[in-house]
Amino acid sequence: MPKRISLTHFLIDEQRAGRVSADLRLLIEVVARSVKTISVTVSKGALAGALGEAGTENVQGEAQKKLDVIANEILLQANEWGGHLAAMASEEVETVHQIPFDYPKGGYLLLFDPLDGSSNIDVNVTIGTIFSVLRNPQTKDKDPTEADFLQPGRDQVAAGYATYGPSTQLVLTVGGGVHGFTLDREMGSFIYTHPFMTVPAETCEYSINASNARFWEAPVQRYIAELQQGKDGPRGSDFNMRWIASMVADVHRVLTRGGIFMYPFDEKCREKGGKLRLMYEANPMAMLIEQAGGAATTGRGRILDIIPERLHQRVPVILGSRTEVERVTSYHLDPPS
Ligand code: AHG
Ligand code: MN
Ligand code: MN
């Protein structure tokens, strides 16, 4: 019988190797437990009353779906009492979520997008959860403020996501490569199925919402036009396109078989600075992609080097296979004269 390694077993090995502290191990276990709960609700769909609008808006002025609210509550409640966190931040919560005073506090900050791909909930297409872990720079007696969260992505101690698709998977990095786990629903445990996931340097697949084409900047227009010319253009080969509209599922495909994913700057999002959120979408995905050998930029610089200004800040995102990310970034930095 092949040996099955559970997430718990994997994390204990990581702790023994000195890559994970006891508190970080607990934190990841609690996030994984929350993901299992969200997965059960997602898989029940309409039977759990989980589809449709919540009838409320989040801080970003976006209409919340019922599942955005449910997933957020599951993550907040599960992570409050374990003693491993100093505070949390969520896409669905305007300010820092403090740990209730009757629970002990730990040394980590947890940030999450509880439900990524909200537009896909009601059509039964893959959605997910994205999370990022930072160290709390404050002493334990002080409540962390928003400023304490505003650390560059290169300082993340862990990052990961779950996909709720045909199977539920958890993909994780603590800085020693990217590791994937699949939920065994009968046993209720995550099993280590995808060791050391890597993004191939070359690819012939790209991912972008082409309905925004007329709003893109010239370097992105040029790059995509070249891909679309295929064999007859300057690239000399054909490229395929995929767009799921759940970042988590599009990035998972890139981590699995390569590709380039882009939500670049465009005229429509000029005031906001981009579509995707830096702290709980771009940063964790950039850490995972870099740990898997890929690259992640805004088109003008490395995502993980951005010094955040706001919790819900948005940024352009270009990530995936290294040679393609470098090419489109070079188009931004050295436009043809
Ligand atoms: P969220 O559901 O957390 O608000 O994020 C949705 C994001 C991301 O998952 C996806 O890549 C993008 O929005 C899709 O945007 P378009 O609808 O513009 O394609
Ligand atoms: Mn999202
Ligand atoms: Mn979301």
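Reader: Let's start with the helices: are α6 and α7 roughly parallel or roughly perpendicular to each other?

Author: Keeping in mind that this is a predicted model, helix α6 (residues 247-257) and α7 pack at an angle of about 10°, with their axes 11 Å apart. Angles under 35 degrees count as roughly parallel, and α6 and α7 are therefore roughly parallel to each other.

Reader: Okay, and which residues in α6 and α7 meet there?

Author: From α6 the contact takes in M247, V248, V251, V254 and L255, and these meet E281, M285, L288 and I289 in α7. Sorted by class, this contact of α6 with α7 has eight nonpolar residues, one charged residue and no polar ones.

Reader: Switching topic, what are the protein donors of the manganese ion (ligand 2)?

Author: E281, which takes part in the helix contact, is one of the donors through OE, and the others are D113 and D116, each through OD, with distances of 1.8 to 2.1 Å from the ion. In sequence, these donor residues follow the spacing D-x2-D-x164-E. D116 is in strand β5 (residues 108-116) and E281 in helix α7 (residues 278-291), so the pair, 165 residues apart, links distant parts of the chain.

Reader: And are D116 and E281 buried or exposed?

Author: D116 has a relative accessible area of 5% and is therefore buried, and E281, at 1% relative accessibility, counts as buried too.

Reader: How far apart are the manganese ion (ligand 2) and the manganese ion (ligand 3), and which residue coordinates both?

Author: The two manganese ions, ligand 2 and ligand 3, are 3.7 Å apart, and the residue that coordinates both is D113.

Conventions:
Residues are numbered from 1 along each chain as its sequence is written. Chains are lettered from A and ligands numbered from 1 in the order in which they are written. This is a predicted model: local features need pLDDT of at least 70, side-chain atom pairs count only at pLDDT 80 or more; totals for chains, interfaces and linings use all residues. Side-chain values use heavy atoms; hydrogens and water are left out. Donors are N, O and S atoms within 2.8 Å of the metal (3.2 Å for Na, K and Ca); water is not among the atoms, so sites may look incomplete. Helices (H or I, at least four residues) and strands (E, at least two) are DSSP runs, numbered from the N terminus. Buried means under 20% relative accessible area, exposed over 50%, partly exposed in between (1.4 Å probe, protein chains only). Axes are lines fitted to C-alpha atoms, for helices over the stretch in contact, and angles run from 0 to 180 degrees between N-to-C directions. Angles under 35 degrees count as roughly parallel, over 145 as roughly antiparallel, 65 to 115 as roughly perpendicular and the rest as oblique. Contact means heavy atoms within 4.5 Å. Ala, Val, Leu, Ile, Met, Phe, Trp, Tyr, Cys and Pro count as nonpolar, Asp, Glu, Lys and Arg as charged, and the others, Gly among them, as polar.
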